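Please look over the structure shown below, and then follow the report on how its parts meet.

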Protein chains: 2
Amino acid sequence: VKRQECEEKVLSHITPLREEREHIHSVADRIIGAVNTSGKAKGMIAGSVARDTWVRGDRDLDIFMLFDPSMSREALEEHGMGLARSIARRLSGAVVEKYAEHPYVNTEIEGLSVDLVPCYAVDNAARIQSAVDRTPFHTLFVREHIGDLASDVLLLKQFAKAGGIYGSDQMTGGFAGYLCELLVIWYGGFSQVIEAASSWRPGVVIDIRGHQSKEFEDPLVVVDPVDPRRNVAASLTLTRFAEFVEFAHGYREAPSMDFFFPPVQGVLDFECFKAALGERGTYLYAIVFSTPHTIPDIVVPQLRKSLAAIAGMLDRYGFTVSRSDCCMGEARCMLLFELLVDSLPALKRHMGPYIWNGSNADDFRDKYRNGTFSGPYIEDGRYWIDIQRKHTSAGELLGSDSPLKVSLGKHVMASMQRGFTLLSGPGCWTEGFESFVSGFIRKQSPLVRIKQKREEIG
Amino acid sequence: VKRQECEEKVLSHITPLREEREHIHSVADRIIGAVNTSGKAKGMIAGSVARDTWVRGDRDLDIFMLFDPSMSREALEEHGMGLARSIARRLSGAVVEKYAEHPYVNTEIEGLSVDLVPCYAVDNAARIQSAVDRTPFHTLFVREHIGDLASDVLLLKQFAKAGGIYGSDQMTGGFAGYLCELLVIWYGGFSQVIEAASSWRPGVVIDIRGHQSKEFEDPLVVVDPVDPRRNVAASLTLTRFAEFVEFAHGYREAPSMDFFFPPVQGVLDFECFKAALGERGTYLYAIVFSTPHTIPDIVVPQLRKSLAAIAGMLDRYGFTVSRSDCCMGEARCMLLFELLVDSLPALKRHMGPYIWNGSNADDFRDKYRNGTFSGPYIEDGRYWIDIQRKHTSAGELLGSDSPLKVSLGKHVMASMQRGFTLLSGPGCWTEGFESFVSGFIRKQSPLVRIKQKREEIG
């Protein structure tokens with residue numbers, strides 16, 4: 001009863017209002033009319049509006065323009081973008097060209113953010129030429145199978161948003177809208193998804209059409225009903241998967257509105273941040289540089305790669321990394337490292353070759369015969385020496401050109417080569433990253449945050 | 001020519017003098033006479049005196065007393081020790097009972113340290129009942145095969161002593177006298193051993209009789225000519241093996257008297273030790289406790305085990321160990337650790353269970369919901385927390401009862417439980433261990449020591 005009551009209350013907050021629905025459809029109709037009267041393509045609503053699964057206040061409208069599949073890719077891009085631009089100009093005036101796998105136009109019409117996306121009108125999902133052609137088939141599938149479960153999708157989306165696990169972009173690595181729709185269709189409702197997910201463990205496979213034709217290693221596999229070789233949950237990370245399991249389990253145990261409208265974690269001010277850092281006793285360093293000019297889904301994996309490479313370098317040099325994370329802002333990116341060791345002795349133990357390694361052993365011995373703290377000496381068949389360490393401080397290592405020598409992503413490398421700033425300790429609390437660094441040192445799972453907040457209030 | 005000249009000069013220093021030889025044999029004859037006239041056993045010289053391979057100034061004389069093999073083990077020990085005691089009392093007055101695998105008597109007669117060892121007079125090495133019965137057969141084999149190579153054995157022993165790799169006791173883990181004899185017999189002389197050894201690598205197998213009947217994993221395998229299932233070099237460590245290879249290689253490249261009479265490495269005085277430690281910048285700790293009352297070959301492996309266990313504990317707690325070593329003195333033992341990290345932040349990252357690990361996950365989350373620096377949070381499917389570290393200083397950890405909770409050897413454990421002293425920094429330079437701690441921070445391979453000394457002089 002508590003759960004039902006709670007969910008009804010949530011729906012009363014998130015179900016789109018009638019005037020909202022009418023407004024969005026009237027805008028959609030006007031755009032589709034413009035596409036159809038051009039005679040060049042057929043207009044179609046896609047996304048959550050088409051499926052009636054958008055959450056109140058969402059302002060995104062996706063209009064697909066379906067062209068004749070006999071057109072070449074170049075012709076499609078040329079005519080498609082031409083049509084999109086002319087419609088956008090006519091209806092709003094503002095035109096922003098964007099690029100995912102293919103170019104499209106974004107514009108604002110009467111308070112809505114409208115994407116105009118050219119694609120091929122293939123008559124069968126097996127004939128799609130690129131990912132963008134697949135979207136209309138997703139819309140058709142959901143429309144056909146969603147029945148009266150649209151509200152359940154709204155609940156699941158809101159639930160995932162509250163857990164911080166909604167969105168299939170690279171930074172989130174969470175649940176896409178389409179994935180939420182398929183889960184609701186498969187399990188038969190929001191409650192059923194919660195029941196199932198609370199005892200998920202990695203290796204869940206859902207194949208609605210029973211047509212899977214490829215193996216996947218991902219923690220959650222939901223075979224795309226319109227493409228037997230595609231996992232709709234491919235971008236879901238193990239961490240987000242586990243957070244969803246935890247959140248579902250927690251909701252099942254003690255349902256409350258918090259699971260849909262979570263307590264907000266405030267940002268620490270500088271003094272609190274400084275004090276918290278002092279208590280931890282750890283050494284915080286941040287590398288900050290300009291955000292590369294390319295789409296986030298390309299930048300984010302490179303940030304992660306760079307983070308791991310620099311953390312690996314710190315560990316190799318003896319500066320033990322406790323935790324690290326990255327953040328992509330509009331203008332600047334931050335790589336953040338929390339260290340347990342900040343300075344090391346002058347002495348470093350260094351491994352040499354095996355004694356029976358001929359001239360290598362001779363060369364090593366002769367090279368280091370003098371100027372060592374100790375050695376060369378022999379242990380387990382090898383030469384070893386205790387020599388002067390190159391970097392005795394983590395800050396000095398990070399401020400040198402060493403970070404530029406590890407395996408950074410291409411765009412991150414280019415940006416860092418143009419220059420980066422090294423911050424340390426409380427200094428990491430810097431403009432644009434206050435929320436990120438606060439969240440870093442107060443990291444909590446979605447469920448723990450709710451439980452703790454409840455205790456503080458209770 | 002240089003080599004030959006050098007070796008001749010060495011021999012002129014180490015070959016026993018005629019009067020020494022006569023003296024030792026006259027003492028031996030008197031003891032053997034006493035054994036034989038007792039009518040209970042047959043006397044026999046064993047060891048290097050019997051083989052004519054002892055080095056000038058050695059004072060050790062081994063007399064074996066061979067009893068009828070039909071006697072029980074108890075009767076042998078009773079009668080054997082009775083006879084040994086009575087002979088020792090008659091010829092010297094001093095009787096020290098000792099114990100290796102079996103009991104024997106040590107006494108001093110006319111400046112010689114004499115061992116009186118009861119054993120069985122088996123007529124065939126295949127019938128030996130314990131290790132001590134094997135020794136007479138070693139003596140017979142060497143006498144039969146050594147020919148005119150006794151001087152070569154002297155050179156090899158002196159060479160191994162100079163390299164610090166002579167002695168098959170557990171602390172040294174080096175070359176036994178019998179092993180030196182077999183190597184000279186197999187290769188045909190000292191020079192031939194040097195030539196061969198300078199290109200050895202682990203896995204050398206020497207089987208003089210071609211009768212090996214067991215596989216060994218040791219770096220050097222020399223099958224005992226009197227026992228096909230025994231490796232004479234079993235106690236040789238990989239480190240000593242490698243040091244011998246290096247030393248042989250070095251002598252071959254640039255022969256000199258240093259390889260037989262090495263430069264002595266002086267002991268650092270306290271001020272020098274303190275200064276050297278300051279330059280290294282490392283953190284030195286020593287655990288000192290009473291030497292257990294049992295034979296060294298039992299204590300030493302336990303010291304090594306304890307050293308590894310405590311070093312492992314330090315590493316697990318985050319106090320990175322650069323190097324460690326142990327020393328067994330008459331009265332006290334020392335475990336010595338050189339650390340790169342001496343203090344750590346209050347914060348420690350701690351791993352919890354997987355989220356889908358049912359009640360474990362619930363318990364963990366509830367236990368740590370408060371009082372953490374951060375978390376519980378989820379990473380890669382698990383709970384993690386940042387909590388208060390138990391030991392933030394290495395000295396505090398080593399001074400606690402934690403060292404007594406790791407896998408120490410039995411006798412070391414008992415001694416440390418009765419109490420141990422923790423020393424740190426320059427304080428590790430303490431009575432009885434000055435040479436050990438000096439050697440630790442000036443550790444060098446035998447060859448490097450010689451080369452460096454030569455440069456200092458030249």
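## A salt bridge between the chains

Asp386(B) and Arg323(A) form a salt bridge in which the closest N and O atoms are 2.9 Å apart, a salt bridge being a side-chain nitrogen of Lys or Arg within 4 Å of a carboxyl oxygen of Asp or Glu. Between chain A and chain B the count is ten salt bridges.

This is a predicted model, in which local features need pLDDT of at least 70 and side-chain atom pairs count only at pLDDT 80 or more, whereas totals for chains, interfaces and linings use all residues. Residues are numbered from 1 along each chain as its sequence is written, chains are lettered from A and ligands numbered from 1 in the order in which they are written, and side-chain values use heavy atoms, with hydrogens and water left out.

## The contact of chain A with chain B

Chain A and chain B each bring 56 residues to the contact, which means heavy atoms within 4.5 Å. About 4,700 Å² is buried between the two chains, with carbon and sulfur atoms giving 57% of that area; buried area is the accessible area (1.4 Å probe) that two parts lose on being put together, summed over both. On the side of chain A, the residues that lose the most area to chain B are Trp356(A), Arg369(A) and Ile378(A), together 15% of what that side buries.

## Salt bridges in summary

Along with the buried area of about 4,700 Å², the ten salt bridges between chain A and chain B include the one that joins Asp386(B) to Arg323(A).
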